[in-house]
Every structure is written in structure tokens, then in C-alpha cells.
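This briefing goes through one protein structure by topic. Look at the sequence and the 3D view first, then read the points below.

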Amino acid sequence: MVTEAGVREALREVMDPEIHQNIVDLNMVRSIQIDGANVAVELALTVAGCPMQSQIRTSVEEKLRSLTGVEAVSVKLGVMSDEEKKTLLEHLHPAKEAKSPIMDAESKTRVIMVSSGKGGVGKSTVTVNLAVALARQGKKVGILDADIYGFSIPRMIGAMGQPTALGENTILPLEAHGVKIISMGSFAGEDTPVIWRGPMLMKALEQFLTDVVWGELDYLLLDSPPGTGDIAISAMQMLPKARVLIVTTPQASAYKVAARVGLMAKKMNLTVLGVVENMAYFICDNCSKPHYIFGQGGGEETAHSLNVRLLAQIPLGAEVRERGDSGEPVALHGADSPAGQVFSQLAQEVDKEWQ
Ligand SMILES: Nc1ncnc2c1ncn2[C@@H]1O[C@H](COP(=O)(O)OP(=O)(O)OP(=O)(O)O)[C@@H](O)[C@H]1O
Ligand SMILES: [Mg+2]
């Protein structure tokens, strides 16, 4: 016989595709009615016109039809009342404090700030690929695009939608390739310049940490703007347990600029996690030999000057750029691509280095 408890148990296996929790715990199941072999459920969606509604409906129908004794299923969709939404928000952000749990000294989330003294050396490319490589190794990963006005993460990782705002202070991050993402780009739109002064930038950073429902993350990667400006200082102050991953290019002259961010991190009592040398060499199709287009030694020099390890040397290659432009980071291909392989080793090194 079909029972309400049985139906509820089955519904516990249906996840909200955005929040990644089951619809029963999220209080989305308003009523269950059973009439012999017919089951009717009413669900309350978080927002009107929820883009995921047909997915939720199908999952519920499939799940209930698979129950023994059920012949027909009807699903009615409504929208949460203010009261229901309040309960949901309390569930998602229990005892929501002014500060993000990630900023808490007890937080288990490892925060990595991907930084460099210079622009265009590949911070965003490293952020996205390291995040994907960590996620492929089973870690729960988020990216906070701290390059508030120079954002590039949404395109690079292929997360071009808009995050859902559940309440005034609750934002669900986007997700792509198993990585949660928040970026100013998702709110401003790619062609809109963000023209803000320091305090507004800091506020945005704080909101991205505090208002976004990150859940339990193993790693949160911050893609920093170049240099040692306002945002870098604020991020380091807000996240004193973060570790800084320095990205540099191989020119011997680059290390002084790269090392500046490392020295700033040390001054602010943050640990430098290590150095990544990007665009380290180019493997020619014809001769298969490495060509050192941007010189050699920058990564080693930077690591040496900061007394940390050089964790990876990423090859220069059209594939890295093209896949970044198309939102399919090269790290998705793991060992099937030379650069993907290096990113997957970098993820392992990062994990080891942190122990
Ligand atoms: N290893 C690589 N091989 C080929 N192209 C690369 C590589 N790394 C980065 N690029 C390309 O170089 C450009 C700059 O990279 P990216 O945007 O990651 O740098 P950035 O340090 O984040 O820049 P900014 O300081 O502007 O934020 C991008 O077009 C990217 O695709
Ligand atoms: Mg960048």
C-alpha cells in the first residue's frame, strides 16, 4: 500500500538542482494526497517562474512512479509564501551572522587567493583550471571572482546565467563543471563596465563571501585583480587564513613584480602557498621540443625569493586560450591534454602542500 511516509521518503531523494539539497528538507513539499494508487503532491518553488521547474517536476514524477503500488502521479507547482521562504532562508543560512562562515577561524574551507603583481599573466586561467582539476579529484570547490571590475570567470568556466537571489541577502551561486561560481560579471553583464571606488568594491567582496550560499566547501579560490590594490588588501584582511598562490611568467625580470604580492601577503601575516609559472614553455608540433618563448627561471626565482615551492609550470598553448574562451577549461580533459595533465598535478600538489 502506498503511504504518505513512503512518498515523503521517496521525495527525499529528489534534489533541488540549484540548492543541491532534497526538496523535503527544503520545505518545498506542501502536501501529499494519496487516493488508492493515485498520488498528488503540491510543491512550493523558491521563485516564480523558476527555470528549473520542469526538471523538478520530471524528477518527482519519475521518483513517485517507481514506487510499488503507484499508478498515477500529479504534481502541482506553487510559489513559496513569504513565511515559507523565511523558513527556507533560516534553513540555508542557519543563525546567519554578519560574517560568512568561511571567514570564521574554525572554518574547514581552504581559501586560496590566486594573485600576481602583474596583469595578464594567467591568474584567471589558473584559477579556473585549478578549480576544475580539484573538483575532478572529488573536492567541493567554489570560485569567488574578486576581480570585481575586470571579471572574466563566467566566460572562462562557461557559467553565463544569472544567479538566483532568494531573499535580500541570500544568493545561490552558479555552477559549472562541478564548481560553484560568483562573479560581478553575472550581475553586471559582460559589456557593462563596473565603475566603483574602493568602498563599493569591498562591500561587493564581503557580500560575495557572506550572502552566497556556498555550503560546505573544501576549497574556495579567489581570482584576484592584478597588483596590491584595495581589493587585495581587503581580501587579505577579511580572510586571514587564506593562502596566496602566486602566478608569474618565466622572464627572469618578472619575479620582482610577482614577488611583491608575496611580500605583501607575508606582511599581512598570510601564508604563501607556492608559485605557478604560467606560459613556461611551448611545445612545437614539428619538433616536439620545448621552446622558452618568454625566457626561463622566473618561477624558480619567485619561489626561491619567497622561500616556497614552485608547484607547477604550465605550458603555453593555443588549447589553453581557446578552451578558456569557450568555457571548457583544458583541465576538464585531465591527462588527455598536456596542459590538463599539469593542472591535475598542480591540484595534487596544492592538496599535499596544505597538509
Ligand atoms: N598557458 C597559456 N597558454 C595560452 N594562453 C594563455 C595561457 N595562460 C593564459 N593564457 C591567455 O592569456 C590571456 C590572459 O590570461 P588571464 O586572463 O588568465 O590572465 P590574468 O592574469 O587573469 O589577467 P588580468 O590581470 O587581466 O586579470 C587570456 O587570453 C588567456 O586565455
Ligand atoms: Mg584575471
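In the hairpin of β8 and β9, which residue takes a positive phi? Histidine 177 does, with a phi near 50°, and the hairpin has two residues between the strands. The model is predicted, so to speak of local features pLDDT of at least 70 is needed, side-chain atom pairs count only at pLDDT 80 or more, and totals for chains, interfaces and linings use all residues. Residues are numbered from 1 along each chain as its sequence is written, chains are lettered from A and ligands numbered from 1 in the order in which they are written, and side-chain values use heavy atoms, with hydrogens and water left out.

- Helices (H or I, at least four residues) and strands (E, at least two) are DSSP runs, numbered from the N terminus.
- Two strands pair if DSSP finds at least two bridges between them.
- Strand β5 (residues 141-145) pairs with β9 in the parallel sense over four bridges, and glycine 142 has lysine 180 as its bridge partner in β9.
- Strand β8 (residues 174-176) pairs with β9 in the antiparallel sense over three bridges, and leucine 174 has isoleucine 181 as its bridge partner in β9.
- Strand β9 (residues 179-182) is covered on both faces: Val179 and Ile181 are buried on one side, Lys180 and Ile182 on the other.
- Buried means under 20% relative accessible area, exposed over 50%, and partly exposed in between (1.4 Å probe, protein chains only).

**Cysteines**

- A disulfide is a covalent bond between the sulfur atoms of two cysteines.
- The cut-off used here is a pair of cysteine sulfur atoms within 2.5 Å, and the structure holds zero disulfides.
- Cysteine 284 is buried because its relative accessible area is 17%, whereas cysteine 287, at 33%, counts as partly exposed.

**The cavity**

- On a 1 Å grid over the protein atoms alone, a cavity is a set of points where a 1.4 Å probe fits but cannot get out, and lining residues have an atom within 4 Å of a point.
- Grid points are joined across faces, edges and corners, and a volume is the space filled by probe spheres set on the points.
- A search of the whole structure finds one cavity of 30 Å³ or more, and about 30 Å³ of space lies in the largest cavity.
- Among the residues lining the largest cavity are Ser116, Lys118, Val247 and Ala258.
- β11 (243-248) and α9 (254-267) each supply at least two residues of this lining.

**Aromatic pairs**

- Rings of Phe, Tyr and Trp (its six-membered ring) pair if their centres lie within 6.5 Å; planes under 30 degrees apart count as stacked, over 60 as edge-to-face and the rest as tilted.
- The whole structure has two aromatic pairs.
- Phenylalanine 187 and phenylalanine 208 are stacked because their ring centres are 6.2 Å apart and their planes are at 25°.
- This pair links helix α6 (residues 185-188), which holds phenylalanine 187, to helix α7 (residues 198-210), which holds phenylalanine 208.
- Phenylalanine 187 is partly exposed at 34% relative accessible area, and phenylalanine 208 is buried at 5%.
- Tyrosine 219 and tryptophan 354 are edge-to-face, because their ring centres are 6.2 Å apart and their planes are at 85°.
- Tyrosine 219 is in strand β10 (residues 219-223) and tryptophan 354 is in helix α12 (residues 338-354), 135 residues apart.
- Both tyrosine 219 and tryptophan 354 are buried.

How values were computed
1 Å grid on protein atoms, 1.4 Å probe; cavity = no way out; pocket = protein on both sides within 12 Å on 5 of 7 lines; lining within 4 Å.
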